[in-house]
Amino acid sequence: MSRYLETFLRHKIALMLPIIIALTMSTWYATSVPHKYETDMTVWFDTAAPSQSSLEDPSPYTTPAAQGQIVLQEFFGTEQFLINVAHRGPLADFLANYHPAKKGPSSLISTVKSLFGKSSSSSAPVNSQIVDSEITSLLGKAFTVSVLGPQIVRITMIAPDPSYMPATLNAVAAEYIDEVTSSLKTRDAASVAYYETQVNAAKLSLSAANSAVVAYQQAHPGALPTTDPDYNQLTQVAFQAQTNFTSLQNTLQEANLTLQNVQAPAAFHVVDPALAAIELSNKKHMLFTVIAGLLAGFVITVLALSALVALDKTARREEDIEGLLGMEVVAIIRELPSQRRLPAAVRRVKSS
Amino acid sequence: MSPAEPTSQPDDPTSLATIKQLTVISRGPGPQPNANTDDAGEVATWPAPADRAPDNTHRSKARQIEWASIRPEVLQSCSVALRRMGDSSIGSIAVTSTSRGEGRTTVALGLAATASLELRRKTILLDLDLEHGAIEKMTAVGPGPGVVEFLYEEASIEDCLQPVDSDVDIVRAGLLRDRGGVATRIERLADLIQQLGDRCDVMVADLPPMSSGVTAARIADLFESVTLVVRAGGVTVPDIEQTASVLSQRPFVILNGTAAPRSSWVHRILGGRP
């Protein structure tokens, strides 16, 4: 312990540097991090009509709010949904026209990158890909979804600029409705296409069965289904084909009707729209950042100190000489005298 | 000649515990230097010890070193070192080190001053660091011939000896003209040391560091005792071992600059020797 302390005191400036640098950098970073703002809205989820409302089913296996939370979280995990939200709201235009000056260590990194030509200048035109990239990086972690009850879900948005936040959050609801509607339409269109194929196949089967009955009647005039088993079988096949065709036609009609009537899900609506964002206190974040910097610097210093002690093979104590070399230390001079000017008395003697 | 074996009895004033007490706490038995301060710093004065009967009146008074600038702490440590090395039996001491800048000349000065002041011995301080002789810069010795001149037979011993005190003579290094000159004149150097030894009770020689070449080791062999000055933190243990291996006798060690730059509060917390 004493050896470590002595080594530290010998190199105190060098060993304090990592702590000072880490503390300075973390403080710089903590103070340059942009302020954060928060806004939220609550939305209503219910089971889709004509199914029974979840209000009438007090203990469903999964509540509509929980289902809605899962779907919303899935949407927030997709880039396209976020980009659509940004373009529906003011965020895309905001990012295309506004370039906030970077502060703190990130500005230093940007400067260094620009010196080595690895970063485009801020005056370069912003293309849509860059904007989309900024949108996904900004909104990727901006939303959190929490369930307040069986039907109510709260969507919270945290972002560094309050100007676009309420409109963007409201755009989430609109985009959600569009996405769901679009999904339903696509699904129903696929159903219609499927049933059309089935109807066409059934129609061919029916036509073939009818042709077989007519051909048999022409070949066997006077044959009756009650007396002729072959004729009876053909008429039954034709009947079944007709039944199948009629059933599929009805299903197709229903599917067409569903497709035509697809509209915004009535089981979803906004209860509390997003209002003006409020500023969040970042004191806790600052404190943690500074402490983290301090700890990082301390760890570096401890490692450097350990390395210095481990690499120091010089003799510093009498134990080093007597213990390791077996030589006798007859005296110890604590302080190494520096070359000094001769005292006046000595100079007088010398000059005389 | 082998160095006298130091005693290590618990009650012995030269035991390690006493050394620590003397060198660190500056409190304990034995003579204590006083410090006067002039325009250049501290100059030690040394009271005459009561257990040594003065043989004349001027030695009964506190004497002041007027021929060199030596810190009291160095004198105190050198006093302990002399006692540990054999005190009265010691005749000649070669002071060397592993490398330059370890405090070799300072220790040589301290040993010479202690031998003359405390042991009341006729002392000769010999500068054998012919390439970088520093004794003349740190003492009151004036210009004149030195060891080199004697080796080249340009001066006699009487010419080279410069008294700086009633009990202290100094022989300067002289003006070096040929690096290999000493190696080829080692016999003459041995003759010089022999003759100087006859003229004094204690001879202290400031040798070049062992890193300067094998000649230093050959010169060290001409002395009864070798003191290796080690600057704490300035030289590695393997290097000290290497230095000791080229010497024919086991050197005594004076450890120099052990004071860690602790602040007073650290010292208070840890207690022991800083």
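## Contacts and the predicted model

A contact means that heavy atoms lie within 4.5 Å, and among the contacts in chain B between residues at least 6 apart in sequence, 74% join residues at least 24 apart. In chain A, residues 24 or more positions apart account for 80% of the contacts with a separation of 6 or more.

This is a predicted model, in which local features need pLDDT of at least 70 and side-chain atom pairs count only at pLDDT 80 or more, while totals for chains, interfaces and linings use all residues. Residues are numbered from 1 along each chain as its sequence is written, chains are lettered from A and ligands numbered from 1 in the order in which they are written, and side-chain values use heavy atoms, with hydrogens and water left out.

## Confidence

The model scores ipTM 0.71 and pTM 0.55. For chain B the mean pLDDT is 75, with 70% of its residues reaching 70 or more; pLDDT is the predictor's confidence in each residue, from 0 to 100.

Helices (H or I, at least four residues) and strands (E, at least two) are DSSP runs, numbered from the N terminus. Chain B comes to 11 helices and 10 strands, and chain A has 12 helices and 6 strands. Of the 274 residues of chain B, 57% count as buried, whereas 33% of the 352 residues of chain A do; buried means under 20% relative accessible area, exposed over 50%, and partly exposed in between, with a 1.4 Å probe and protein chains only.

## Helices H2 and H3 of chain B

In chain B, the axes of helix H2 (residues 72-85) and helix H3 (residues 104-117) come within 8 Å and cross at roughly 70°, which makes H2(B) roughly perpendicular to H3(B). Axes are lines fitted to C-alpha atoms, for helices over the stretch in contact, and angles run from 0 to 180 degrees between N-to-C directions; those under 35 degrees count as roughly parallel, over 145 as roughly antiparallel, 65 to 115 as roughly perpendicular and the rest as oblique. Residues of H2(B) including B:Val74, B:Leu75 and B:Cys78 meet residues of H3(B) including B:Thr106, B:Val107 and B:Gly110.

At 1.5 Å a residue, the 14 residues of H2(B) should span 20 Å, and the end C-alpha atoms of H2(B) are 20 Å apart, which agrees; the expected span is 1.5 Å times one less than the number of residues. Because 14 of the 14 residues of H2(B) are buried, this helix is largely enclosed by the rest of the structure. H2(B) is followed by B:Gly86, whose phi is positive, near 130°.

## Helices H1 and H2 of chain A

Helix H1 (residues 2-10) and helix H2 (residues 12-32) of chain A pack at an angle of about 90°, with their axes 5 Å apart, and this makes H1(A) roughly perpendicular to H2(A). A:Thr7, A:Phe8, A:Leu9 and A:Arg10 in H1(A) meet A:Lys12, A:Leu15 and A:Met16 in H2(A).

## B:Gly233

B:Gly233 is placed in the loop between strand E9 (225-231) and helix H10 (237-246) of chain B, and at 25% relative accessibility B:Gly233 counts as partly exposed. Not counting residues up to four places away in sequence, B:Gly233 touches A:Thr314, A:Ala315 and A:Arg316.
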